[in-house]
Amino acid sequence: MEQFYYWHFAVMLIIGLIAFLLVISTVSHIKVSKTAKRILQTSCIVLLLVGAYSAYGFTKYGDLINKTGGLNAAVRQYKRTFFMMDFPYSATEKSAYSIALIPQVFEKTDLYIAKEKSQDIEYLGKNPQGVYYFKIQDGIYSAGKRWIEFTDKVDQPRRVGKVYYLNDNQFQKIGFNEKSRVMLEKYQIPIQLKNKTSDREIEDQVFENKTTMIQGWISK
C-alpha cells in the first residue's frame with residue numbers, strides 16, 4: 001500500500017502534471033504542426049494510463065490509505081510522506097502521545113487488536129464533591145464519576161482497560177509500535193460499596209500523587 005501511495009502515486013502525479021501541461025500547450029497548434037499533434041496524442045494516452053493506474057491503486061488500497069492517514073506518534077515511530085521520505089517524531093511528541101488516552105487512533109487503522117486487561121484495586125470511597133478514591137499498589141489516586149461503574153458482577157474493586165496489539169508484526173518493520181499503553185475504560189466497584197465515603201487524610205495524600213499515568217495505565 002505505502003509503495004503505491006507514497007512512491008508510485010507520487011511519481012504518477014508528476015507525470016500526469018507534465019502530460020496535462022503538454023496538452024494545454026499543444027492543443028492550439030495541432031492544426032499547423034504534426035509534432036504538436038503527436039505530442040498531444042501521446043500526452044492524452046499518458047493521462048489515461050496515469051488515471052487508470054491511480055484508479056486501480058485507490059480501488060485496491062483506498063480503504064487502508066484512509067485508515068492509516070493522520071497517524072501520530074502513539075501508533076508509529078515516524079511520519080511517512082511522498083517519495084517514501086520518513087520524518088521521525090520528536091521526543092516531545094512521542095512522550096506526549098505515549099500518555100494520551102486515544103484508543104480511537106488504534107481502532108481506526110484496523111492494524112491493532114484490542115485485549116482487555118484488569119487489575120484488582122482497593123476502593124477508598126468518595127467525598128461529598130463526587131470524587132472517588134482508590135489505592136493502587138503504593139499510591140492513592142482519584143477519579144471522576146464518568147469512570148465509575150457500580151455493579152453486582154464483581155466481588156472485588158478493579159480497574160478495566162484495553163491494550164492494543166499490532167495484529168501483524170511485519171508492520172513493525174515500517175515503524176508501527178508493537179502495542180499501546182493500557183488505556184483505562186472504567187473502575188468497577190461492587191454495588192455494596194456504593195455508599196462508602198472517604199476521609200480527609202486520603203484527599204490530602206491523593207493531591208501529591210495526581211497524575212495522568214497510574215502504574216503504566218493511561219487514566220485520564
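Which residue forms a salt bridge with Asp 86? The partner is Arg 80, and the closest N and O atoms of the two are 2.8 Å apart. A salt bridge here is a side-chain nitrogen of Lys or Arg within 4 Å of a carboxyl oxygen of Asp or Glu. Side chains of opposite charge can pair when their charged atoms come close.

This is a predicted model, in which local features need pLDDT of at least 70, side-chain atom pairs count only at pLDDT 80 or more, and totals for chains, interfaces and linings use all residues. Residues are numbered from 1 along each chain as its sequence is written, and side-chain values use heavy atoms, with hydrogens and water left out.

Stay with the first pair. Arg 80 is buried, at a relative accessible area of 12%. Asp 86 is partly exposed, at 33%. Buried means under 20% relative accessible area, exposed over 50%, and partly exposed in between (1.4 Å probe, protein chains only).

The count of salt bridges comes to 3. Glu 149 pairs with Lys 186, with the closest N and O atoms 3.1 Å apart. Glu 149 lies in strand β7 (residues 148-151) and Lys 186 in strand β9, so this pair ties together parts that are 37 residues apart in sequence. Strands (E, at least two residues) and helices (H or I, at least four) are DSSP runs, numbered from the N terminus. Glu 185 meets Lys 162 in a salt bridge at 3.6 Å, N to O. That pair links strand β9 to strand β8, 23 residues apart.

A nonpolar patch of about 860 Å² includes Trp 7, Ile 18, Phe 82 and Phe 87. Such a patch joins nonpolar side chains (Val, Leu, Ile, Met, Phe, Trp, Tyr) within 5 Å, taken from residues with over 30% relative accessible area and no salt bridge. Helix α1 gives the largest share, 5 residues. Ile 18 sits in α1 and is partly exposed, at 48%.

Of its 17 lining residues, the closest to the centre are Ala 74, Ser 98, Lys 179, Ser 180 and Arg 181. A pocket is an open set of points on a 1 Å grid over the protein atoms alone, where a 1.4 Å probe fits, with protein on both sides within 12 Å along at least five of seven lines; lining residues have an atom within 4 Å of a point. Helix α3 gives the most to the lining, with 3 residues.

Note on methods:
Patch = residues over 30% accessible without salt bridge, like charges linked within 9 Å, V, L, I, M, F, W, Y side chains within 5 Å. Areas by Shrake-Rupley, 256 points an atom, 1.4 Å probe, with all protein chains shown as cover.
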